[in-house]
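Me: I'd like to go through this fold with you. Can you put it on screen first?

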Amino acid sequence: MMIHTCVALRPCRPPLISSSKSTLQRPPNCKFSVRNCIRDPNNSQKRWRQEFGVADLSEDTVKSIAKTGKAYVHDFLDVNDRPVLLVVASKHLPDVHDPCDNEKLCVFLIEKALSKLPAGQEQILGIVDLRGFGTKNADLSYLTFLFDVFYYYYPKRLGEVLFVEAPFVFQPIWQLTKPLLKSYASMVKFCSAETVRKEYFTEETLPISFRD
């Protein structure tokens with residue numbers, strides 16, 4: 001698998017998460033930052049894509065981390081004709097998986113979802129399946145990375161985010177994360193698996209994991 005160094009771009013704001021606990025800080029082997037001081041949005045996005053190596057991402061380069069099943073682009077659109085990026089939180093293991101690989105998979109899947117946009121559609125649907133989520137899956141750094149990428153480099157591309165069957169243990173994490181998500185916090189909807197089945201898909205297009 002081809003590995004690209006995560007290059008840091010000088011941030012113009014303080015880090016999103018500041019903590020003395022190393023588990024909440026970006027590991028030293030993954031120094032990439034989605035925020036930078038370039039004022040020209042177009043130039044900023046171009047430079048970011050080059051630094052991150054977006055053009056080099058492919059099914060092969062993310063194959064190893066993708067095999068975990070932690071995230072994927074659904075084969076079908078939702079009822080509003082939006083591509084669907086689905087995250088299985090219980091399969092996200094920050095103490096096991098390389099953070100750089102996690103970020104590459106994240107960006108690759110965003111690109112893949114956007115490539116499935118039908119004519120006239122500009123936004124995608126994000127689904128975070130929180131069934132089976134536990135403290136071992138908690139990762140504030142990755143969650144804020146995900147929203148930061150959308151906010152700074154894929155603006156207006158995220159239409160809605162469903163947090164499905166959030167357990168009690170997830171609530172403190174959400175309270176810490178919510179203030180950091182800026183306008184995207186308002187796009188988050190907590191819902192049940194039944195809501196996903198009835199309101200977002202047809203029987204034919206429903207993700208397999210929600211066919212229980």
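Reply: Helices (H or I, at least four residues) and strands (E, at least two) are DSSP runs, numbered from the N terminus. This is a predicted model, where local features need pLDDT of at least 70 and side-chain atom pairs count only at pLDDT 80 or more, while totals for chains, interfaces and linings use all residues. Residues are numbered from 1 along each chain as its sequence is written, and side-chain values use heavy atoms, leaving out hydrogens and water.

Me: In what order do the five strands of the open sheet come?

Reply: Start at the edges: S1 (71–73) and S5 (188–191) each pair on one side only. S1 and S2 are antiparallel, joined by three bridges, while S2 and S3 pair in the parallel sense over five bridges. S3 (residues 124–129) then runs parallel to S4 (residues 158–164), with six bridges. That mixed pairing goes with the order S1-S2-S3-S4-S5.

Me: Which residue in S3 is the bridge partner of Val-87?

Reply: Val-87 points one way from S2 together with Leu-85, opposite to Val-84, Leu-86 and Val-88. In a regular strand the side chains alternate between the two faces of the sheet. Across in S3, the bridge partner of Val-87 is Val-128.

Me: Why is S2 largely enclosed by the rest of the structure?

Reply: Take buried as under 20% relative accessible area, with exposed over 50% and partly exposed in between (1.4 Å probe, protein chains only). S2 is largely enclosed because of its buried residues, which number five of five.

Me: At what angle do H3 and H4 pack?

Reply: Residues of H3 (99–115) such as Cys-106, Val-107 and Ile-110 meet a set in H4 that includes Phe-145, Leu-146 and Phe-150, contact being heavy atoms within 4.5 Å. Axes are lines fitted to C-alpha atoms, for helices over the stretch in contact, and angles run from 0 to 180 degrees between N-to-C directions. The two axes are 11 Å apart, and the angle is about 35°.

Notes:
Pairing = 2+ DSSP bridges.
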